[in-house]
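Welcome, and thanks for taking a look. Please open the model below and keep it in view as you read.

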Amino acid sequence: MDTPSVSAHKLRQQHPQKHSHYKFSEFFQFNATEGTIADWNGSRNIITSEHFIIGLLEGLEEEVGAASAAVMYSIGVEWGKQDSLFFDQWFEREYNIRPQQANLMFLLETWWWPFTAQGWGRWEIDMTDRQQGFMFINLFDSAVARTLGDVGKPVCYLYAGLYAGFFTEMVRKQLSCIEIQCYSMGETYCKFLLGAKDRIDAAAFWLNEGATASDIENRLRAGYTSS
Amino acid sequence: MLSHIETLIREVDGRYATDNELLFMQNYLQTARLRFNAYQKIQKSERAIIQQVKQKLKATEPQLLRRGKADISAKWQRDTVRVLRFCAHAMLVADEEGLEESLLLWFQSIMRAFKAQQSCDITYKTMQDVVRQYLTPQEAELFCPILARARRLLGQ
């Protein structure tokens with residue numbers, strides 16, 4: 001987990017243009033005297049165990065019941081929006097170009113790498129349907145799903161919110177996101193659908209009716225937006 | 001080597017290391033001179049190696065150095081020099097695993113973002129042939145598997 005901080009990363013100060021800095025011992029800076037951990041971009045990090053994730057999710061569920069999914073999603077959205085602004089700053093500082101000038105896929109890979117280094121998993125973006133207004137994100141090793149194991153339903157609401165928030169801020173257009181396949185449903189990886197709210201609502205409806213990720217993909221590609 | 005040393009420090013923790021645990025150091029010492037020589041040769045011949053690889057690419061797969069109408073050979077050269085240097089360093093310190101963590105895994109996603117896998121595949125395959133002209137067979141035996149690893153990761 002990371003929170004904004006002003007902690008300076010000494011290695012980054014020495015090598016500000018170094019891009020391949022995701023090795024554990026380089027990306028994180030352990031400040032023993034202060035008892036803090038800063039990452040390459042100056043965020044303060046906290047190392048947590050799987051018990052923490054379980055505690056967070058179960059505690060939330062106990063407090064707000066079924067609304068916990070929506071709460072996690074909202075937390076993700078806010079996180080994604082904030083992180084988009086933070087990313088703009090460090091991207092420009094590191095690459096000396098504005099994010100809008102960069103190759104889109106390169107930009108997105110660069111955004112996600114700190115998350116990979118922090119243990120949130122690796123991803124793969126499928127932009128084939130971008131012109132149609134939606135795209136898919138495959139996530140390998142979700143920290144949430146890996147922790148909860150096979151519980152028979154999607155659990156990565158935090159990630160769905162994170163993607164919705166980040167992309168909404170990036171393209172300046174309201175976007176939503178839904179997890180349509182999850183490691184916690186016994187699948188090998190998680191899959192998210194990102195797009196306008198009407199499409200995501202339709203996907204949520206199909207998912208409730210028992211549709212699989214590939215059913216949803218096919219229906220969206222065939223142009224359906226409702227039942 | 002460096003990854004091995006880190007593991008050794010972690011594992012030994014307040015006792016003496018066993019002979020078996022120190023075996024990697026003996027193996028390293030046996031090849032250290034070779035690694036050092038090969039490293040210096042690559043350093044001295046970097047320019048020639050890169051130029052030769054580029055010429056071969058131009059002759060056989062010229063489209064790999066262009067994106068549409070744009071000539072991307074300068075960018076190709078920057079990327080290739082970077083990988084060659086990291087690989088040479090990994091050979092010097094015998095740390096192929098560290099190479100993945102410090103460069104290849106990140107660079108793989110960047111190469112995919114630019115759809116440069118085919119270019120990487122051919123570049124690091126060609127480079128294995130080219131460096132053999134500059135190294136002895138024993139030195140090449142140490143270095144080429146590292147280039148092969150770079151090819152495998154970046155080329156897919």
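## Ground rules and confidence

This is a predicted model, in which local features need pLDDT of at least 70 and side-chain atom pairs count only at pLDDT 80 or more, while totals for chains, interfaces and linings use all residues. Residues are numbered from 1 along each chain as its sequence is written, and chains are lettered from A, with ligands numbered from 1, in the order in which they are written.

For the complex, the predictor gives an ipTM of 0.86 and a pTM of 0.90. Within chain B, the lowest confidence falls in helix H1 (residues 2-12), with a mean of 86, and the highest in helix H6 (residues 137-154), at 98. Helices (H or I, at least four residues) and strands (E, at least two) are DSSP runs, numbered from the N terminus.

## Two domains in chain A

Chain A is assigned domain 1 (1-47) and domain 2 (48-221); such bounds come from an automatic or database domain assignment. Their centres, taken over C-alpha atoms, are separated by 24 Å. Eleven residues of domain 1 of chain A are in contact with eight of domain 2, where contact means C-beta atoms, placed from the backbone, within 7 Å. On the domain 1 side, the touching residues divide into six nonpolar, three polar and two charged. Here Ala, Val, Leu, Ile, Met, Phe, Trp, Tyr, Cys and Pro count as nonpolar, Asp, Glu, Lys and Arg as charged, and the others, Gly among them, as polar.

## The largest nonpolar core

A nonpolar core is a set of buried Ala, Val, Leu, Ile, Met, Phe, Trp, Tyr and Cys residues joined through C-beta atoms within 7 Å. A residue is buried if 20 or more other C-beta atoms lie within 10 Å of its own, exposed if 12 or fewer, and partly exposed in between, with C-beta atoms placed from the backbone. The largest core has 80 residues, of which Tyr163(A), Phe192(A) and Leu193(A) touch the most other members. Helix H7 (residues 157-171) of chain A supplies the largest share, ten residues. Domain 1 and domain 2 of chain A each contribute at least three residues.

Leaving out residues up to four places away in sequence, Leu193(A) has several partners, among them Phe134(A), Phe136(A), Cys177(A) and Ile200(A).

## Chain B and its interface

Chain B has six helices and two strands, which run α-α-β-β-α-α-α-α from the N terminus on. Its C-alpha trace spans about 65 × 35 × 20 Å along its principal axes. Of the 156 residues in chain B, 28% count as buried.

Where the chains meet, eight residues of chain A are in contact with nine of chain B. The chain A side divides into four nonpolar, two polar and two charged residues.

## Backbone details

Which residues have a positive phi although they are not glycine? Asp141(A) is one, at about 70°, in the loop between strand E6 (134-140) and helix H6 (143-148) of chain A. Ala94(B) is another, at about 50°, in the loop between helix H3 (73-92) and helix H4 (96-113) of chain B. Asp141(A) is partly exposed, with 15 other C-beta atoms within 10 Å, whereas Ala94(B) is buried, with 20.

Definitions and conventions. Contact = placed C-beta atoms within 7 Å. pLDDT = per-residue confidence, 0-100.
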